[in-house]
Amino acid sequence: MARHEREQPEAELLQGTLDLLILKVLALEPLHGYGIAQRLKQITRDALQIRQGSLYPALYRLEKRGYLKATWKTVAGRDAKFYALTKAGERQLEHESAGWERLSAVVRLVLETAK
Amino acid sequence: MLKKFEKRLDREMRFHLDAATQAYIAEGLPPEEARRRALLDFGALELAKDEMRDLHPFRWMEQIGRALRYAGRQLRKSPAFTVTVLLTLALCIGANTAIFSIVDQVFLRALPYPDPNRLMMLARSYHKGNLSDTALGQSFRTWEPVRDHARLVDSAVYSGGSGGVNLFVNNHVEYVQKQEVGAGFFRVLGIQPLIGREFTPQEDVPGGPPLAVLSYGLWRRIFNGDPGAVGLSIDLAGASYTIVGIMPKTFQTDAPQAQIWTPLRPSVGGKGSGWNYQILARLKPGVNAAEANAQLASISQSIAARFHIPDGVSIALKAIPLQTGRTLDVRTKVKLMWAAAGLVLLIGCMNIAGILLARSVTRSREIATRLALGGARRAVIGQLLTESILLALLGGGLGFLLAYFILQGMNTISTAQFNLAEPLQLNFFVLLLMTAVSLLAGVIFGLFPAIEVTAVDLRSALAEAGRGGTGSRRQRKRQMLVFAEVTLGVVLVVSAGLLLRTLFTLLHIDPGFQAKNVVTASLSLQDARYKTTADTTRLFRNSLDQIHAIPGIESAAVALSLPYQRALNLNIANISGRPVARSSGLVNFVYATPGFFEALRIPLLRGRFFTDRDNAGAPKVAVVDQALIDFYLPNTPDPLGQQINLYGGAKADALTIVGIINNILQQQGWGAEEGPLARLPQIWVPAAQLSDRDYQLIQQFMSPSWVVRTRGNVPGLEQKMRQAILAVDPRLPFSGFHTIDELRTGAVAQQRYHAALFSAVAGLAILLCMLGVYGLIAQSVAQRTREFGIRLALGAKTDNIIRAAVLPGIKLSVAGIACGIVLSLFAARLLKSLIWGITPTDATTFISVATLLIIVAIVASLIPALQLVKLDPAQTLRDE
């Protein structure tokens with residue numbers, strides 16, 4: 001009670017996952033934020049509840065880290081910000097996918113062994 | 001930058017929401033509902049925006065701006081707190097900035113010569129066991145071997161100070177300061193004349209041609225900047241000098257007033273026989289100070305043989321940086337003042353920390369609320385720190401303003417005290433450094449309470465903060481701060497007390513004569529027309545006749561030096577044939593005309609004063625003071641008739657003691673142990689019995705004074721005296737008129753300066769301690785109002801309640817004072833060189849300081865406690 005902690009380890013994990021998903025989606029084609037949200041919804045078939053608002057901070061973070069590059073384009077007469085994967089982004093995607101594969105393999109292994 | 005960022009952020013969000021709304025509309029929802037769903041899907045819009053803003057590179061600027069605005073609002077909300085802190089800071093930073101400006105000039109600022117780090121000054125350094133002493137004065141006998149053998153340095157000899165002379169040129173008369181410098185002086189400093197040249201070694205010899213180098217200012221004033229001035233003649237002190245060079249505009253030596261430089265003409269006699277020279281040296285390229293000193297050490301061996309120095313003492317020439325040399329005798333004083341100023345800043349910081357701590361108690365509910373609502377501890381600390389830093393910067397700014405005025409006020413006196421080359425002023429470096437100090441102070445006094453307050457127990461803080469019942473631990477910390485403040489405060493007040501006692505002791509010593517109704521005026525006789533005893537005494541006699549004729553004049557006389565002034569020091573070789581040890585043979589030597597003792601009303605103890613019959617042809621006589629008898633002839637039954645031989649020459653030159661007078665106060669001329677004013681062994685001889693040679697030597701660096709005793713006030717006396725002198729010699733102006741009181745003030749100017757400066761700092765310390773104790777008691781009274789109310793309601797007497805409220809403050813102060821007194825016993829030793837006439841453990845000072853501070857503590861505690869008199873118990877309890 002005395003101290004007030006804010007760090008929550010679960011949030012960290014979730015965030016990493018969201019980053020991976022965004023990179024994966026953008027690996028196919030450049031998209032704007034709304035497009036990414038729609039695509040994620042499609043791919044995960046609504047299984048993953050992502051507040052669309054929390055998508056944007058992740059996009060900005062990835063852009064700042066140099067994994068994404070943004071350009072403004074006009075869609076149906078309106079300005080939209082399109083995000084595309086950079087070379088560094090591609091590498092990061094590979095790197096994270098591999099890490100994720102390993103992690104899920106380990107988790108699966110643990111679950112099966114524990115059965 | 002940020003605006004553009006915001007716009008794009010908005011545009012992107014709007015696109016998303018519009019697209020999502022369109023999608024819902026396409027699914028068949030009404031526009032209103034579609035919009036609502038889109039917003040719902042999006043989640044907290046502002047939260048997302050905020051998170052993205054955090055990622056912007058210039059985000060911190062905006063955050064700081066917001067924190068500053070918030071901090072400003074908080075400070076405006078509690079003006080009493082803000083004003084107290086700002087004033088404390090302004091005073092502390094102001095005092096420190098002013099003192100640091102002096103420190104900067106004395107220790108740090110480079111001298112205005114090329115490559116100043118290679119400029120040195122040669123010092124004589126004496127060693128005996130682990131005692132050592134450094135002196136800067138040199139004589140011909142130390143200069144000669146340096147000139148001939150010190151090959152690793154480029155050196156020049158010169159005379160340290162300047163002396164006033166009368167300058168006549170183009171019908172223009174002016175009293176200017178002249179400095180004597182040897183050949184190569186300007187070259188060693190690294191400054192070439194703007195026009196012309198400096199003296200050559202061939203010219204700078206005894207009997208060499210009379211040449212002069214002029215300052216830029218003098219040249220502009222007298223010759224309107226005409227380059228043709230070089231080669232012209234000017235009349236200096238009655239002799240003709242040829243101008244050979246003009247120095248550049250900004251050129252200055254260590255005698256900042258000097259406007260004319262003439263050749264020193266070093267010789268083994270005259271000035272060169274005493275320690276009247278200084279030696280300047282520049283390290284030659286590729287030579288470092290250690291190498292130069294090694295060479296000087298080998299030269300020193302031959303020097304030691306030339307001087308009579310006591311057994312066990314070694315003497316060596318040493319090169320010290322010119323900067324150090326120029327400020328040698330003020331360095332300790334400046335350091336002590338700096339320490340005092342630093343101490344007061346520390347007290348100020350502790351005070352502010354205490355106030356912030358107290359404030360944090362009243363704010364703990366606000367802070368607990370912020371923490372409970374999810375504010376990060378770091379952010380809350382950051383906010384509190386921002387407030388402290390804002391205070392520090394504002395206070396520092398006010399302090400700079402104050403320092404500007406302090407420097408304005410103490411400029412002239414400080415420049416003279418510390419022999420500064422340039423007037424004191426705030427410079428960029430000083431301000432930069434002091435800004436850093438303010439900021440550091442802000443962080444230190446702000447961080448400590450901030451960490452304290454954010455480590456609160458939320459539940460109890462929220463429950464109790466409103467009543468202010470929390471924080472007994474914090475109260476203890478504040479007590480510690482006040483205790484430390486009082487302790488350090490005592491040290492400062494004791495220091496100031498010791499210096500004040502020194503000053504008062506000096507001012508109240510019986511001078512040994514009657515000072516009232518005496519006016520003095522001095523006159524430079526460094527003039528080619530006064531080279532003989534006959535000419536000089538004729539001037540004395542005729543001018544005194546003129547002065548005696550002024551109505552209202554009771555008596556008048558001339559003497560080489562006056563009480564409260566520094567006298568000429570000579571050695572006694574023997575007294576009636578008994579040799580005097582060289583180390584103790586010093587006496588003050590004064591020539592005087594008959595009537596001098598009568599004019600000052602100095603009591604005659606035995607024998608007689610001078611008369612007109614003690615003239616050049618008569619046997620040589622002397623009047624001495626009791627101090628001389630006590631020191632040199634303690635067991636002689638009849639000192640009258642004893643013969644003092646100054647130079648150890650022929651017996652006919654010995655002075656027969658004809659009179660013994662009361663001791664009179666003189667400024668000390670040798671040895672620090674005598675104090676600034678002392679009763680020194682002294683000899684007076686009739687002016688008529690000096691030799692021509694004596695006059696020629698003495699007039700070079702000392703000016704005799706005319707002493708006049710009046711019957712009451714004589715209107716226009718100065719003008720009448722001027723006229724009297726001009727009637728005798730139209731080319732001799734008096735340089736200045738002084739009463740004896742002014743001479744005394746001049747003699748203790750340094751002590752007055754120290755006492756004033758330390759008193760100001762100590763006064764500040766007392767004020768801060770008072771604020772500290774007051775704040776502590778006021779806080780505890782505010783917190784215990786409920787308790788006191790209940791006690792009153794239960795029948796306690798008001799004075800008991802007040803005693804209970806006041807006692808902790810007084811107890812704490814007494815403990816602080818006791819601790820401070822012990823600490824002062826050590827600190828006072830550091831001041832030893834500034835204290836005179838009392839011991840560093842002077843009981844009067846310590847007792848007075850303790851009493852003063854106890855009174856201060858009682859007053860500071862009583863003021864807030866007396867509010868309890870108005871306490872209405874019923875009201876207090878209802879407020880709960």
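## About the model

This is a predicted model, in which local features need pLDDT of at least 70 and side-chain atom pairs count only at pLDDT 80 or more, while totals for chains, interfaces and linings use all residues. Residues are numbered from 1 along each chain as its sequence is written, and chains are lettered from A and ligands numbered from 1 in the order in which they are written.

Chain A has 4 helices and 3 strands, where helices (H or I, at least four residues) and strands (E, at least two) are DSSP runs numbered from the N terminus. Read along the sequence, these elements of chain A follow the pattern α-β-α-α-β-β-α. Of the 115 residues of chain A, 23% count as buried; a residue is buried if 20 or more other C-beta atoms lie within 10 Å of its own, exposed if 12 or fewer, and partly exposed in between, with C-beta atoms placed from the backbone. Among the contacts in chain A between residues at least 6 apart in sequence, 49% join residues at least 24 apart, and two residues are in contact if their C-beta atoms, placed from the backbone, lie within 7 Å.

The contact between the chains takes 20 residues from chain A and 22 residues from chain B. On the side of chain A that touches chain B, at least two residues each come from helix H2 (33–44), helix H3 (52–64) and strand E3 (78–85) of chain A, and H3(A) gives the most, with 8 residues. By class, this side of chain A has 7 nonpolar, 6 polar and 7 charged residues, where Ala, Val, Leu, Ile, Met, Phe, Trp, Tyr, Cys and Pro count as nonpolar, Asp, Glu, Lys and Arg as charged, and the others, Gly among them, as polar.

## Two packed helices in chain B

In chain B, helix H5 (residues 79–108) packs against helix H12 (residues 377–417) at an angle of about 45°, with the axes 6 Å apart. The axes are lines fitted to C-alpha atoms, for helices over the stretch in contact, and angles run from 0 to 180 degrees between N-to-C directions. H5(B) and H12(B) are therefore oblique to each other, since angles under 35 degrees count as roughly parallel, over 145 as roughly antiparallel, 65 to 115 as roughly perpendicular and the rest as oblique. The residues of the contact of H5(B) with H12(B) divide into 17 nonpolar, 7 polar and no charged.

## Strand E8 and its partners

Strand E8 (residues 233–236) of chain B pairs with strand E4 (residues 163–169) of chain B in the antiparallel sense over 2 bridges, and two strands pair if DSSP finds at least two bridges between them. E8(B) is also joined by 4 bridges to strand E9 (residues 239–246) of chain B, again running antiparallel, and Asp235(B) has Ser240(B) as its bridge partner in E9(B). In the hairpin of E8(B) and E9(B), which has 2 residues between the strands, Ala237(B) takes a positive phi near 50°.

In a regular strand the side chains alternate between the two faces of the sheet. In E8(B), the covered face holds Ile234(B) and Leu236(B), and the uncovered face holds Ser233(B) and Asp235(B).

## Strand E22 and its partners

Strand E22 (residues 655–661) of chain B pairs in the antiparallel sense with strand E19 (residues 604–607) of chain B over 3 bridges, and Gly607(B) stands opposite Gly659(B). With strand E20 (residues 621–625) of chain B, E22(B) pairs in the parallel sense over 5 bridges, and here Ala622(B) stands opposite Ile657(B). Strand E21 (residues 643–645) of chain B pairs with E22(B) in the antiparallel sense over 2 bridges, and Ile644(B) stands opposite Leu655(B).

## Individual residues of chain B

Asn517(B) has a phi near 60°, a positive value in a residue other than glycine, and is found in the loop between helix H15 (472–507) and strand E13 (518–522) of chain B. Asn517(B) counts as partly exposed because 17 C-beta neighbours lie inside 10 Å. Tyr564(B), in the loop between strand E14 (553–559) and strand E15 (568–571) of chain B, has a positive phi near 70°, and Tyr564(B) is buried, with 23 other C-beta atoms within 10 Å.
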